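Subject: A structure for you to explore

Hi there,

I'm passing along the structure we talked about, so please open it and have a look around. My notes follow below it.

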Amino acid sequence: MKPNFSLRLRVFNLNCWGIPYLSKHRADRVKRLGDFLNRESFDLALLEEVWSEQDFQYLRQKLLPAYPAAHYFRSGIIGSGLCVFSKHPIQEFTQHVFTLNGYPYMIHHGDWFCGKAVGLLVLRLGGLVLNAYVTHLHAEYNRQKDIYLAHRVAQAWELAQFIHHTSKKADVVLLCGDLNLHPKDLGCRLLKEWTGLQDAYLETRDFKGPEEGCTMVPQNCYVNRQELEQFPLGIRIDYVLYKAVSGLYISCKTLRTTTGHEPHSGSPLSDHEALMATLCVRHSPPQHNPSPTHGPAERSPLISVLREAWTELDQGMAQGRWWATIAGYVIGLGLLLLVLLCALAAGGEIREVAVLLWTPSVGLVLAAGAFYLFHVQEAKGLCRARAELQHVLGRAREAQDLGPESQPAGLLGQQEGDRAEEQ
């Protein structure tokens with residue numbers, strides 16, 4: 001690699017809002033998206049919420065001349081909705097499906113059925129290895145009473161860990177997607193602190209788009225304005241994040257977003273705004289290290305966010321166990337009721353009533369059983385993520401030579417409980 005090496009990378013990201021039968025003007029928007037991507041000819045186009053595989057196949061054929069490589073990430077019942085189109089050959093690809101993803105009985109939200117995931121593509125560009133990740137985290141439906149907060153924090157941690165463990169041989173790391181996290185939310189801070197990823201919106205000096213980089217804006221005709229009442233300018237939940245290894249320097253030259261409409265036709269491509277970033281990778285000067293090792297003074301933000309995430313996961317785990325306990329009591333009462341109905345039916349006195357009550361009683365026991373199993377699984381998933389955070393927190397504390405007094409409240413006592421539970 002020459003000392004004056006330089007690589008320019010144009011990236012496109014969009015949450016396409018492509019729910020079959022529900023999303024407005026889906027077919028027309030998919031057609032216009034294909035026209036737009038062919039016109040612009042990006043190096044990479046990373047898409048979320050392409051829920052219909054027919055839409056992917058349509059885009060695959062339409063974009064084949066400009067983007068000869070593509071992949072659709074399949075998971076869950078409905079699918080992850082993630083897909084990627086690339087101008088460059090794909091060397092490898094894989095995906096990780098998040099352990100926790102909402103509740104199956106919240107059918108009107110539907111996230112559990114989607115199999116939310118993170119997809120990874122490995123590309124070779126000009127002698128460099130690029131790991132490109134695309135993801136979509138659980139949606140936030142009520143910011144004041146967010147019942148999915150622990151799940152989203154767990155997803156952010158799994159995402160960070162997946163990037164951490166799969167990017168060790170990469171020269172450049174790129175993450176795009178709809179995180180459903182505001183920039184100062186716990187999950188977003190956890191992801192950035194643990195991976196060292198930089199935010200294109202914060203790093204670029206040439207930004208053109210809505211104020212504060214918002215990717216859901218009230219000017220978009222597909223956006224429910226009532227959901228943005230607290231945010232008159234809109235919200236920023238879609239991101240382009242990146243980093244390079246030591247010896248390389250990556251910067252965001254330009255970042256553009258749509259502003260409630262697609263530049264050529266005037267109609268929105270989605271209820272989200274598209275992100276278009278131009279990244280530049282080059283050799284860093286000897287005195288400049290873009291990804292320094294965290295020193296003691298730099299560990300404080302990481303430790304702080306790890307402790308905050310540990311507490312949130314601990315609360316979510318307690319809630320999951322509480323629901324499992326309630327379901328266990330319902331199962332016990334349901335079984336007692338079934339025994340009583342069997343006795344009444346055998347006696348023959350009110351046989352007809354007992355037979356009529358038998359079916360709903362069996363249904364109650366089965367429903368409570370499914371509820372119990374799900375929340376046990378939820379508690380175990382949160383416990384696993386919390387254990388990983390606890391270990392990382394301990395290592396970070398050792399690096400900073402901190403004492404036990406800096407641990408989160410109850411952490412020392414909980415360690416023994418966790419070991420006993422695992423045994």
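How much space lies in the second largest cavity? About 40 Å³, in this predicted model.

The largest share comes from α1, with four residues. Sorted by class, the lining of this cavity holds five nonpolar residues, one polar and two charged.

Now follow α1 to its partner. The axes of α1 and helix α2 (residues 53-63) come within 10 Å and cross at roughly 30 degrees. Angles under 35 degrees count as roughly parallel, so α1 is roughly parallel to α2. The crossing of α1 past α2 is right-handed. On the α1 side, the contact is made by Arg26, Val30, Lys31, Leu33, Gly34, Asp35, Leu37 and Asn38. On the α2 side, the residues are Asp55, Tyr58, Leu59, Lys62 and Leu63. By class, this contact has six nonpolar, two polar and five charged residues.

Of the 13 residues lining the largest cavity, Tyr201, Arg236, Asp238, Leu255 and Leu275 are the closest to its centre. At least two lining residues come from each of α6 (200-203), β11 (238-244) and β12 (248-257), and β11 has the largest share, with three. Seven of the lining residues are nonpolar, three are polar and three are charged.

Finally, turn to the largest pocket, which has about 1,200 Å³ of space. Its lining is made of 42 residues, and Ala139, Glu140, Tyr141, Glu227 and Asp271 lie nearest the centre. The elements giving two or more residues to this lining are β1 (6-18) and α3 (111-114).

Enjoy exploring, and write back with any questions!

Best wishes

Terms used:
Residues numbered from 1 in each chain as written. Predicted model: local features only at pLDDT ≥ 70, side-chain atom pairs only at ≥ 80, totals over all residues. Heavy atoms only, no water. 1 Å grid on protein atoms, 1.4 Å probe; cavity = no way out; pocket = protein on both sides within 12 Å on 5 of 7 lines; lining within 4 Å. Points joined across faces, edges and corners; volume = space filled by probe spheres on them. Nonpolar A, V, L, I, M, F, W, Y, C, P; charged D, E, K, R; others polar. Axes fitted to C-alpha atoms, helices over the stretch in contact; angles between N-to-C directions. Parallel < 35°, antiparallel > 145°, perpendicular 65-115°, else oblique. Left-handed = near helix turned anticlockwise from the far one by under 90°. Contact = heavy atoms within 4.5 Å.
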